[in-house]
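Open the model in your viewer and keep the selection panel at hand. The tour goes from the whole interface to single pairs.

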There are 2 protein chains.
Amino acid sequence: MERRFVIACLVENHFGVLARISGLFSARGFNIDSLTVGATEDPSISRMTIVVLGDERIMEQVKKQLNKLIDVIKVLDLSSNNYVDRELALIKINITKESRMSALQLFEVFQAKVVDITLKSVTAEVSGSTQKIAAFIEMLKPFGIIETARTGKIALTRESVNGD
Amino acid sequence: MERRFVIACLVENHFGVLARISGLFSARGFNIDSLTVGATEDPSISRMTIVVLGDERIMEQVKKQLNKLIDVIKVLDLSSNNYVDRELALIKINITKESRMSALQLFEVFQAKVVDITLKSVTAEVSGSTQKIAAFIEMLKPFGIIETARTGKIALTRESVNGD
């Protein structure tokens, strides 16, 4: 059965590990929705978060193979438990003297921050769920989107029983 | 001369492209500080942001090779211009009845949001520069860090002359 997986991998920060891991997913035909790799509190260890759509049975094989890779310390399937996830985006849009105020009001609604502004363009920073960011981008389309950059999801296991 | 590069690649959202690109960097001995790949406003196109430390001359070759790859639409060296960059982190720490208030006060200082809380732990979401996030994590260490996940940098070219 196909579903969306959120996989976190703790890896030794050596070169080549990212290529090996992403190669493992693409060799099995998994398309990667998003992938992030960043430092942890221990500079020798990086944490990867991978969001993929794929088959449950094939994912079991991929997880086993990930665990066998040198440099892979730990593999967590967050999507099989409760987890908290967030994503960040930078979005640059066109503005005019007339449209500026309505753009800034929209930023307030979405709790977006202005990170760069000129007479002709403004860049917003927004964080939240993938759905919230998609909704924000949708609302900004009428202004004319110049450029966007999204981090993709990061996620940690949720400790509380309920939550947003 | 070695320096830190911030490279953005617009790529067709096909499987294998991530493995090919990260393979290209690791084959040249570049260690990847952070890498993110996420959707753009066009679902068939993804944007990768790669932060690497490496040699200026070798990077010129890598950029040429990236441009030759099928599925690579555009390669931007943001670090050769003015750019805005941001990063997102989720950080889970231990709390007790006694330490909870001082943790929450620290969150306020860093404009971090609580995304999950129990009697024993709290997870914060924080965004900003790599330096700000590093400073926040440093301040949280005395509480006991359970887990962290960082997205790595995303970046867009800056339009204004000055800025943070």
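Buried area here is the accessible area (1.4 Å probe) that two parts lose on being put together, summed over both. Show both chains as surfaces. Chain B and chain A bury about 4,800 Å² between them. Carbon and sulfur atoms carry 57% of that. Now pick B:Glu41, B:Ile154 and B:Leu156: in chain B they lose the most area to chain A, together 13% of what that side buries.

This is a predicted model, in which local features need pLDDT of at least 70 and side-chain atom pairs pLDDT 80 or more, while totals for chains, interfaces and linings use all residues. Residues are numbered from 1 along each chain as its sequence is written, chains are lettered from A in the order in which they are written, and side-chain values use heavy atoms, without hydrogens and water.

**The contact set.** Select every residue in contact across the chains (heavy atoms within 4.5 Å). You get 60 residues from chain B and 60 residues from chain A.

Which side chains meet in a salt bridge with A:Glu159 and B:Lys92 as partners? Select these two: the N to O distance is 2.6 Å. The rule asks for a side-chain nitrogen of Lys or Arg within 4 Å of a carboxyl oxygen of Asp or Glu. It finds eight salt bridges across the interface of chain B and chain A. Over all chains the count comes to 28.

**Elements on the chain B side.** Colour by secondary structure, with helices (H or I, at least four residues) and strands (E, at least two) taken as DSSP runs numbered from the N terminus. Several elements of chain B give two or more residues to the side that touches chain A, among them α1 (17-27), β5 (83-94) and β7 (121-128). β2(B) gives the most, with nine residues.

**The strand pair.** Zoom in on β2 (residues 31-39) of chain A and β2(B). They pair in the antiparallel sense over three bridges; pairing needs at least two DSSP bridges between the strands. Select A:Leu35 and you find B:Val37 of β2(B) opposite.

**The axis.** Superpose the copies by least squares on the C-alpha atoms of residues with pLDDT of at least 70 in both. A rotation of 180 degrees with 0.0 Å of shift along its axis puts chain B on chain A (RMSD 0.0 Å). That is the relation of a two-fold axis. The same surface serves both copies, as 100% of the contact residues of chain B recur in chain A. Which residue of chain B comes closest to the rotation axis? Select B:Thr36, whose C-alpha lies at 2.1 Å.

**Last stop, inside chain B.** Select B:Glu56 and B:Arg3, whose side chains meet in a salt bridge (3.2 Å, N to O). B:Glu56 is in helix α2 (residues 56-68) and B:Arg3 in strand β1 (residues 2-12), 53 residues apart.
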